Every structure is written in C-alpha cells, then in structure tokens.
Amino acid sequence: MSLPTKLRSPGGRRSRDRVALRCRRLALNLLEDRSVPSFVAPVNYPAGHSPQATATGQFNNDTIQDLVVANYGGTVSVLIGNGNGTFQAPIDSDTGDNPSSIAVGDFNGDGKMDAATANFGNVTVSVLIGNGDGSFQAPVDINLGYSPTSVAVGDFNADGKMDLGAVSNSYVPGWSGYWGWYPGYWEGQSHVMIGTGTGSFAAPMTSWLGVGYRSGAAAEDFNGDTRDDFAVGNFDNGSVDVALASSTGALGAPTSFWVGYNVGAVAAADLSGDGKADLVSANWYSSNVGVLLGDGLGGFGTVQNYTAGGTPVGVVLGDFNGHYGDGKLDIAVSTSSGNGVSVLLGRGNGTFTPSVPSTSDAYLVGVAAGDFNGDGWLDAAAANSSGNSASVFLNDQIWPPLDAPSLAITDVTVTEGNTGSVNAVFTVSLSAAYGQPVTVHYATVDGSATAAGGDYQPVSGTLTFAPTSRP
C-alpha cells in the first residue's frame, strides 16, 4: 500500500533532505478495528528519592498485591495495595546506601515478606526482615567487599531454604607499562549467601566472572539438578554469563552467551514449554531483548533478538494477555525512552510477537508484575527514577492475537529542485497475509526537512489493509 506526501522545493535552494514518516507498530483490537496500547496510561504513586527497582508481594499479610520500591536515597518504600489498582502512601524503611536492586521472599519462615537490597558503591547487601505491616526491621548488612549491582533470591544448595545471590564489580585502574599506557577495566564477581531459614545468611562465597561490568542477575535451575544456578548480564561484553551451582551452593566458572549490546536486566523461566529454563536479557543499546532457549544441561542456543519498542532497562516475565493468562509467558520491559512498559507476547514455543507499547514520559527502571486490581489480568509497575515514584500500568485487557502481522514502511529520499513540488511515495506493507482488517495510524515528522520551513506538506491519517492483504 502506497502513501504519498508532497515535498516542496523553494526557488534558489538545492539540498537533499530525508523526510521521515513515523509509523508506530501498534497492536490491534480487531473486534473494534482500532489500535491499542498494552496498558492504560500509568498512574504515579510517591516513593522515595530516585527509585531504582521494584518488586511485588503481600507485605501487610492480606491477600492483596503490594509494591516495594528501592530508593537510591537509602530507603525502601512499601506501597500497600487497596485491591482496586490504587495504592496507599508509602511506608519507608531504611536500608543500605544507594540500593540499586531489590529481591523479596520469606527468609525466616514466619509468613511475613522480607526483602534484600544490593547497595551500589556500598559493598553490601542489606537484609530487611518484614514486620507484617509494610515496615521492616533495621537492615542487617552483609559485606561483599565489592560494589553490587543486583541481588536475587534462589536455593543454590537445594536445602529448601532461601539463599541470596548477588553480582558486583571492581575497577582495575590503568597503568603505565613497557608498551605504554594500559587502560583500566571492570571485573565482575558473583556471591552466594546460604540462608539459615531463620532470616540470617552465611558469609558470601565469591566467584570471579572475569572482565566486563556486570549488571542484572537471575537465579534458576538451568541444568535440572534441583539447585538454582546464576545468570548475570555483562554490560560491556554484550553477553549473559551462566554459572552452575555445586552441592554446597558455590558457583563454578561461568559460560558466556552473546545476546546484544549493553546488557542490563536478565530474567529466567521456561518460555518454550519444554520444562527447561530459558533466559531473557534487556539489551539497552541494541533496543531489543535477547531470548536464549535452554537445553536443560546448562547450555543455550543462539540468541533470538526482538525489538523492545524503546531502550529496555528492566525486564519481567508474566502472562499478560488473558484472564488468568493464556498459559504462555510474555516479556514485559520498562524503557527509558518514553515508551513506558512494552510487552512481547509469547507464543508458547519460545518465540514472541512484536512489542505492544504503552506510553510514559518518565525514565523507568526496574519493572515488576502483579494483579493489582483483582480482575485476573496481570498488571505492571516500574520504578520511576525521574519522578520519585512508582508508575502503575493497569492491564486494559485488549491484546492482539498471536498471529497478528507486523507493519513495515520504506524510506524515501528526494533531491530538491529549484521550484515546484514532487510527491514522495512511501510503501507500507504487512509481514504476512491476515484474515482481519489491519489499521495503522501515520503522520509525518520533521527531520532535516521541516514543514515550517516549506520543505514538505505535512500529512497524517489512517491506512487500513483489507482482510487477506499480502505484503
């Protein structure tokens, strides 16, 4: 399908301008034949200073999902859920300085949710025992010796008690040698702290991960031996490092799997339905997510990359597109580029649809999932570091079918003449035939050419592909 727009050439000017047509790849509610976002517009709830991460749980011992937010200012905020998708004022508790990651679980078996934070630059992980009313006891710090970026909960020695895994970094400064100046570099470490089941943890067992700055972490059993293993994102090298746990919970040497540029958060679960744990990474610079399907032995296949609808920072796995889900895990990513939380719907075989975006003008960081209004549909929440708040995205219950095609548009370059105008024709195509109408909204936007400068005539409108249209 072709879309014309008119370019004008003012007399006496010669230039070569590219006019960009912004064509958002939107999901469709085909019953109503209109484009839809993944969630309704977010509502922001106050947290502490510069939130960095969030998690869900029931922190006041009811059956309603609450939020806990790690604030870089040195606190955690619990937002008690009202059960209708709204949240109460934050309950703040102290933690270590500069928390950048948070993980939750019942560490002492008392039925009350606890938390742990990785404290960036402070060489500690803080353990926060919950009081059952949304507050925590004074933090107990575990010294790692290195600056942590992420913490995760797992059972690394398979004793049925919750352990903690953390990843950290140390900087090796540059030096002058025989061949001149050798630049400095980062090295990563992983740490396992075995839980006693009473809320305390053993001293960390530290393993070296090698060169590269390490970011997010996830715990999962990747080789089927009932012990959780550890996966860590390598921001510098564009890989995910997987270290398998021994019977004591200590981690072995890592194996690296390339996924994309500037890897941040990682998440793990069975995405293909084969009973084997898989991995997902948020690749910030690549603006995509990487999917690694596990072989059940601790290895992974070649990465499959999917555009994330923005620059992804956080990632969470959940089943968003059905009342109590369709049984297939989806990928939700928080973005730092104004695209809110985007969702890639899982087909159940380890492949995913193009991302379904939402809108937000905030810099979002960590993301979490939960049913906040009790309607049986999974919602999302993200740490809003630019707004000192938690952004809550309620599920609008309108999702495209898994076989919906994607849209593509060609670029056009026109050389200006001295006078007159010329039509630029953009071709919009579907990726595959489809038996329902497909609608896309379009609009021209300024690039090096501007409408105000008389370079082109702005146009906008809607294109509709009839059923069974082909590329």
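**A walk through rings, strands and salt bridges**

Y306 and F352 are both buried, a word that here stands for under 20% relative accessible area, while exposed stands for over 50% and partly exposed for what lies in between (1.4 Å probe, protein chains only). Before we return to these two residues, a word on the model itself. It is a predicted one, in which local features need pLDDT of at least 70 and side-chain atom pairs count only at pLDDT 80 or more, whereas totals for chains, interfaces and linings use all residues. Residues are numbered from 1 along each chain as its sequence is written, and side-chain values use heavy atoms, with hydrogens and water left out.

Let us begin with the aromatic rings. A pair of rings is described by how far apart the centres are and by the angle of the planes. Rings of Phe, Tyr and Trp (its six-membered ring) pair if their centres lie within 6.5 Å; planes under 30 degrees apart count as stacked, over 60 as edge-to-face and the rest as tilted. The count of aromatic pairs is 18 by this rule. In one of them, F257 and F300 have ring centres 5.2 Å apart and planes at 75°, so this pair is edge-to-face. The two residues come from distant parts of the chain: F257 sits in strand β24 (residues 255–258), F300 in the loop between β27 (288–292) and β28 (304–307), and 43 residues separate them. Strands here are DSSP runs (E, at least two residues), numbered from the N terminus. F257 counts as buried because its relative accessibility is 13%, and F300 is buried too, at 12%.

Now back to the opening residues. The ring centres of Y306 and F352 are 5.7 Å apart and the planes stand at 75°, so these rings also meet edge-to-face. Here again distant parts of the chain are linked: Y306 belongs to strand β28, F352 to the loop between β31 (341–344) and β32 (364–370), 46 residues apart. Elsewhere, F39, F320, F393 and W399 are joined into a cluster by ring pairs.

Strand β28 brings us to the sheets. It belongs to an open sheet of four strands, ordered β25-β26-β27-β28 and paired antiparallel; two strands pair if DSSP finds at least two bridges between them. β25 (263–269) and β28 are the edge strands with a single partner each, so one side of each has no neighbour in the sheet. On average, neighbouring strands in this sheet are turned by 20° against each other, direction ignored; such angles are taken between the N-to-C directions of lines fitted to C-alpha atoms and run from 0 to 180 degrees. Four bridges connect β27 and β28 in the antiparallel sense, and G290 faces N305 in β28.

Which strands make up another open sheet of four, and in what order? The order is β7-β8-β9-β10, and the pairing is antiparallel. Its edges are β7 (51–57) and β10 (91–94), each of which pairs on one side only. Within the sheet, β8 (residues 66–71) and β9 (residues 75–79) run antiparallel and are joined by five bridges, with S77 in β9 as the bridge partner of V69.

Two further strands are worth a visit. β31 has both of its faces covered, with V341 and V343 buried on one side and S342 and L344 buried on the other. β31 pairs antiparallel with β30 (residues 330–335) over four bridges, and there V333 stands opposite S342. In strand β11 (residues 99–105) we find S100, which is buried at a relative accessible area of 18%. S100 is 48 residues from Q52 in sequence, but their C-alpha atoms are 5.3 Å apart in space.

Next come the salt bridges, each a side-chain nitrogen of Lys or Arg within 4 Å of a carboxyl oxygen of Asp or Glu. The count is two. R214 and D241 form one of these, with their closest N and O atoms 2.7 Å apart. R214 lies in strand β21 (residues 214–220) and D241 in strand β23 (residues 239–243), so the bridge ties together parts 27 residues apart in sequence. Both R214 and D241 are buried. D225 and R227 also meet in a salt bridge, at 3.0 Å from N to O; D225 counts as partly exposed because its relative accessibility is 21%.
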